[in-house]
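Please look at the protein chain shown below and read the report beside it. Keep the sequence and the structure both in view as you go.

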Amino acid sequence: MRGLEAEGMVERDPLTRRYRLGWRLFALAARTEQSRLVRVSAPYVRRLAAAFDEDAYLCVLRGNMVLTLLSVPSLRAYHRVWEGVSVPVIMAVAGRSLLAEWDEERVRELLATVLPAGLDGSVGGIDAWLKELASARTDGYAVSDVELDDSEAGRPG
């Protein structure tokens with residue numbers, strides 16, 4: 001069970017010490033639900049990665065998390081594989097891309113569920129994050145500066 005817990009397949013409740021299904025198992029299950037989206041999108045994501053020699057990702061919004069369904073590596077030596085991994089919407093450039101069409105009130109409500117006590121210092125505060133979201137709306141794309149990988153870029157819609 002420890003091995004499964006280390007991989008995110010199960011998690012142990014600290015109080016009851018009982019095991020339950022983990023985040024990675026849920027992420028993999030969600031990916032299978034999106035298999036048609038992955039199949040149809042894969043050639044376009046590959047072309048995008050090749051055209052810019054950057055890693056490219058297909059992501060979806062699941063609640064207040066961004067789930068990566070497909071990772072296509074660039075030709076560079078170092079790659080992060082994010083398939084099946086979920087991260088808080090504020091911590092991934094894809095979050096701004098996925099929320100670009102939402103109105104500000106709805107975005108603020110979602111952000112409050114991610115970090116109710118305040119945003120992580122790397123985000124720079126809710127107003128700074130919303131300003132970056134506004135830029136993504138205007139520019140038609142979002143660029144990662146301090147999130148998970150400083151080479152990522154996302155295109156809204």
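**The model and the whole chain**

This is a predicted model, in which local features need a pLDDT of at least 70 and side-chain atom pairs count only at pLDDT 80 or more, while totals for chains, interfaces and linings use all residues. Residues are numbered from 1 along each chain as its sequence is written, and side-chain values use heavy atoms, with hydrogens and water left out.

The protein chain contains six helices and seven strands, where helices (H or I, at least four residues) and strands (E, at least two) are DSSP runs numbered from the N terminus. Read along the sequence, these elements follow the pattern α-β-β-α-α-β-β-β-α-α-α-β-β. Of the 157 residues in the protein chain, 38% are buried; buried means under 20% relative accessible area, exposed means over 50%, and partly exposed lies in between (1.4 Å probe, protein chains only). The protein chain exposes about 9700 Å², and carbon and sulfur atoms supply 55% of this area, which comes from the Shrake-Rupley method with a 1.4 Å probe; for residues, only the protein chains shown count as cover. Among the contacts with a separation of 6 or more, 44% are between residues 24 or more positions apart, a contact being heavy atoms within 4.5 Å.

**A sheet of three strands**

Strands S3, S4 and S5 form an open sheet in the order S3-S4-S5, with antiparallel pairing; two strands pair if DSSP finds at least two bridges between them. S3 and S5 are the edge strands, since each pairs on one side only. From one strand to the next, the twist averages 35°, with axes taken as lines fitted to C-alpha atoms (for helices over the stretch in contact) and angles running from 0 to 180 degrees between N-to-C directions.

S3 (residues 56–62) and S4 pair over seven bridges, whereas three bridges join S4 to S5. How many residues of strand S4 (residues 65–72) are buried? Seven of its eight residues are buried, and the strand is mostly covered. The hairpin of S3 and S4 has two residues between the strands, and in this hairpin Gly-63 takes a positive phi near 65°.

| Residue | Opposite residue |
|---|---|
| Ala-56 | Val-72 in S4 |
| Leu-67 | Ser-86 in S5 |

**Helix H3 against the sheet**

Helix H3 lies across S3 and S4 and runs at about 140° to S3. Leu-48 is placed in this helix, which spans residues 35–52, and Leu-48 counts as partly exposed because its relative accessibility is 45%. Although Leu-48 and Val-72 are 24 residues apart along the chain, their C-alpha atoms are separated by 9.0 Å. Ser-41 also belongs to helix H3, but Ser-41 counts as buried because its relative accessibility is 14%. The side chain of Ser-41 reaches the backbone oxygen of Leu-37 at 2.8 Å, which is a polar contact, that is, a pair of N or O atoms within 3.5 Å; within protein, one must be able to donate a hydrogen and the other to accept it, and residues adjacent in sequence count only if both atoms are side-chain atoms.

**Helix H5 and its buried side**

In helix H5 (residues 104–114), the residues Val-107, Leu-110, Leu-111 and Val-114 are buried. These residues lie on the same side of H5 because they cover an arc of only 100° around the axis, the arc being that of the directions from the helix axis to the C-beta atoms. An α-helix has 3.6 residues a turn, so residues three or four places apart point the same way. The cover over the buried residues of H5 includes strand S5 (86–88), helix H4 (93–99) and helix H6 (126–139). At the start of H5, a side-chain oxygen of Asp-103 comes to within 3.2 Å of the backbone nitrogen of Glu-105.

**Two loop residues with positive phi**

Most residues other than glycine have a negative phi. Arg-17, however, has a phi near 65°, and this residue sits in the loop between strand S1 (10–12) and strand S2 (19–21). Asp-53, which is not a glycine either, has a positive phi of about 50° and is placed in the loop between H3 and S3. Arg-17 counts as partly exposed at 48% relative accessibility, and Asp-53 is partly exposed with a relative accessible area of 31%.
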